[in-house]
Amino acid sequence: MSLTITVRNKEVSTLKDWENAFNDEKHWKEGRSAYSLADFILNRNGLKIIAEKLQQCGIGNIDFLSCDVEASVKFDNYKRKSQRDMVLIGKLENNNKIFITVEAKVDESFGCTIENSLKSQNTHRAKELLEKFIPHHSEQDKKLRYQLFHAAAATIEKGDYGQNFQKSIMLVFVFKTTGFENEVNYNEKKGENNYKEFCRFMQAIGADKKKENDVWTLNFQSKEIAFIYSQIEFKNLHIQ
């Protein structure tokens with residue numbers, strides 16, 4: 001499975017290339033999500049594993065056409081775009097095109113609540129996102145995580161990628177890291193809380209869960225989107 005991988009629009013082929021293009025020392029740390037994603041894709045046959053996991057979820061055989069890391073996706077009329085950890089474009093056996101946004105996690109949270117965003121933003125974006133997905137929302141819905149709203153919106157709207165896709169997927173990919181430093185290894189409690197936050201969001205927006213996998217589907221304004229929560233054991237290969 002050979003294709004060009006770009007990080008912030010720069011082509012990369014090595015971990016050092018990726019680090020230089022990523023250019024964010026604060027978030028580049030072994031055992032955490034940004035580094036783990038790079039290591040996974042470049043050194044651990046990550047795209048093949050993602051394709052296999054999607055196949056297990058009933059998506060079908062995928063041939064990936066492009067892989068854009070730290071991709072900016074416009075989803076509304078505001079200037080600031082949604083920064084997706086990775087965007088994958090693929091083709092299925094029946095030639096249907098598929099659009100996938102990837103949210104890479106170890107145990108990092110989904111950030112602030114939409115309620116906090118409503119208070120802190122000087123625009124109406126958070127309010128519009130809440131009303132977009134939950135028109136008749138309650139006060140409890142305001143405790144949902146803002147990051148999940150704009151990630152879902154980016155997966156649906158797709159920005160400059162266009163709408164010529166037959167399938168859309170928002171994939172949360174969790175690296176359960178072990179063998180790194182204690183403070184960066186996957187924390188089970190934090191990870192479980194993230195999963196609960198994700199499930200609450202799925203329920204609130206009316207997504208239907210498939211029984212056999214952590215797969216949800218949503219028909220949103222005649223557009224079908226699949227949500228997948230996938231976890232993988234991720235050991236430090238260089239541990240002594």
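Strand S6 (residues 167-178) runs parallel to strand S9 (residues 223-235), the two being paired over 11 bridges, where pairing requires that DSSP finds at least two bridges between two strands. This is a predicted model, in which local features need pLDDT of at least 70 and side-chain atom pairs count only at pLDDT 80 or more, while totals for chains, interfaces and linings use all residues. Residues are numbered from 1 along each chain as its sequence is written, and side-chain values use heavy atoms, with hydrogens and water left out.

**Strand pairing**

- Strands here are DSSP runs (E, at least two residues), numbered from the N terminus.
- Within the pairing of S6 with S9, lysine 176 has glutamate 233 of S9 as its bridge partner.
- S9 also pairs with strand S8 (residues 215-220), in this case in the antiparallel sense and over 6 bridges.
- Asparagine 219 lies opposite glutamate 224 of S9.
- S8 and S9 make up a hairpin with 2 residues between them, and glutamine 221 in the turn has a positive phi of about 50 degrees.

**Cysteines**

- The structure holds 0 disulfides, a disulfide being a pair of cysteine sulfur atoms within 2.5 Å.
- Cysteine 67 takes part in no disulfide, and the nearest cysteine sulfur, which belongs to cysteine 57, is 19 Å away.
- Cysteine 67 is buried, at a relative accessible area of 0%, where buried means under 20%, exposed over 50% and partly exposed in between (1.4 Å probe, protein chains only).
- For cysteine 199, the closest cysteine sulfur is that of cysteine 57, at 14 Å, which is too far for a bond.
- Cysteine 199 is partly exposed, with a relative accessible area of 23%.

Note on methods:
Helix = DSSP H or I, 4+ residues; strand = E, 2+ residues; numbered from the N terminus.
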